[in-house]
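Let's take a friendly look at a protein together. Have the sequence and the 3D view ready as you read.

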Amino acid sequence: MKRVITFGTFDLFHYGHLMILERAANLGDELFVGISSDKLNFAKKARYPIYTQMERIAIVKALKCVTEVFVEQSLELKREYLLKYNADILVMGDDWKGKFDEFKDIVEVVYLPRTPSISTTILIEKIQIKNM
Ligand code: C2G
């Protein structure tokens, strides 16, 4: 039984998010997803997500490929989450390439290529331009 774990904000849930979650799930038998809390997102990106933590959790939890979700409260707790969920493989998009190599002592670390031409930032910009 291989357990895969991944982390993200998943704000304005889009096709790129779905693709990374499905590809991550295909690497093992179970997929655990740590969803950044609103506070953590503010700390990372200096803005609150468009969708609240409760909404982002509900959307990701509903996906067929996801076994369980939990709230990621702090980037510093990554090792604790990997141990708590007994993860075998940590998957992240390649925008994080090299950033989680320190965990190779306890999990296999896989960086998957991001889906091109889509991101939450691009979506926000498109919506803003349309409304100008
Ligand atoms: N992603 C992707 N393709 C895109 C956009 C995003 O594969 N076009 C991936 C990212 O690489 C990431 C995941 O989708 O692995 C979630 O993306 P974000 O919500 O932007 O996650 P982020 O805020 O970077 O949080 O502890 C790590 C962080 O919490 C990651």
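Predicted model: local features only at pLDDT ≥ 70, side-chain atom pairs only at ≥ 80, totals over all residues.

Residues are numbered from 1 along each chain as its sequence is written, and side-chain values use heavy atoms, with hydrogens and water left out.

The protein contains five helices and five strands, which are DSSP runs numbered from the N terminus (helices: H or I, at least four residues; strands: E, at least two). Along the sequence, their order is β-α-β-α-α-β-α-β-β-α.

Where do the buried residues of helix 1 get their cover? Helix 1 spans residues 15-25, and its buried residues are Gly-16, His-17, Met-19, Ile-20, Leu-21, Ala-24 and Ala-25. Elements that cover them are listed here, judged by contact (heavy atoms within 4.5 Å).

| Covering element | Residues |
|---|---|
| strand 1 | residues 3-8 |
| strand 2 | residues 30-36 |
| helix 3 | residues 53-61 |
| strand 4 | residues 89-93 |
| strand 5 | residues 108-112 |
| helix 5 | residues 120-130 |

Across the protein, residues 24 or more positions apart account for 63% of the contacts with a separation of 6 or more. The C-alpha atoms fill a box of roughly 50 × 30 × 25 Å, taken along the principal axes.

Definitions and conventions. Buried < 20%, exposed > 50% of the residue type's maximum accessible area, 1.4 Å probe, protein only.
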